[in-house]
Amino acid sequence: MVVAYVLGRDNKGLLIGEAARPEQRERLREVIMSHPEVEEVLELLTMHLGPNALLVAVRLDLRDDLTAAEVEQLSNRIDHELRHAVSEVNQVFLDATPRPRPRQVEQQPV
């Protein structure tokens, strides 16, 4: 019983997809925001897939003047730097999504 409890306790996070530790999440955010092309990290999601396997999914707002080639190069740099910053990172998904803009109310002509 004791062995089963200890194994269950230690592996619970892996079984339910536990998020990265707060200091790892902060390091990931720092790496992403270190790029001047990134205006804002809209959402940062992490999930352990195994003992040394961390999935990172990021929605970010990029500068509007970037070309498709620049977005691709930036994505590759961020992917590489995230894997270097937190050794457990083995899957990176980046979603370049503009931040929601406030809706403007259209005025009806009088």
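Helix axes here are lines fitted to C-alpha atoms over the stretch in contact, and angles run from 0 to 180 degrees between N-to-C directions. The model is predicted.

**View 1. Helix α2 against helix α3.** The axes of α2 and α3 (residues 68-85) come within 10 Å. They cross at roughly 150 degrees. Angles over 145 degrees count as roughly antiparallel, so α2 is roughly antiparallel to α3. The crossing is right-handed. On the α2 side, the contact is made by Arg-27, Leu-28, Val-31 and Ile-32. Helix α3 contributes Ile-78, Glu-81, Leu-82 and Ala-85. By class, this contact has 6 nonpolar, no polar and 2 charged residues.

View 2. His-35 sits in the loop between α2 (22-33) and β1 (38-50). Is His-35 buried or exposed? Its relative accessibility is 7%. Buried means under 20%, so His-35 counts as buried. Leaving aside neighbours within four places in sequence, His-35 is in contact with Leu-74, Arg-77, Ile-78 and Glu-81. Ile-78 and Glu-81 also take part in the contact of α3 with α2.

**View 3. The open sheet of 3 strands.** The strand order is β1-β2-β3, with mixed pairing. β1 and β3 (89-96) are the edge strands, each pairing on one side only. On average, neighbouring strands are turned by 15 degrees against each other, direction ignored. β2 (residues 53-62) and β3 pair in the parallel sense over 7 bridges. Leu-60 has Ala-96 of β3 as its bridge partner.

**View 4. Helices on the sheet.** α2 lies across β1, β2 and β3. It runs at about 140 degrees to β1. α3 packs on the sheet too, touching β1, β2 and β3. The direction of α3 makes about 150 degrees with that of β3.

Terms used
Residues numbered from 1 in each chain as written. Predicted model: local features only at pLDDT ≥ 70, side-chain atom pairs only at ≥ 80, totals over all residues. Heavy atoms only, no water. Helix = DSSP H or I, 4+ residues; strand = E, 2+ residues; numbered from the N terminus. Buried < 20%, exposed > 50% of the residue type's maximum accessible area, 1.4 Å probe, protein only. Contact = heavy atoms within 4.5 Å. Parallel < 35°, antiparallel > 145°, perpendicular 65-115°, else oblique. Left-handed = near helix turned anticlockwise from the far one by under 90°. Nonpolar A, V, L, I, M, F, W, Y, C, P; charged D, E, K, R; others polar. Pairing = 2+ DSSP bridges.
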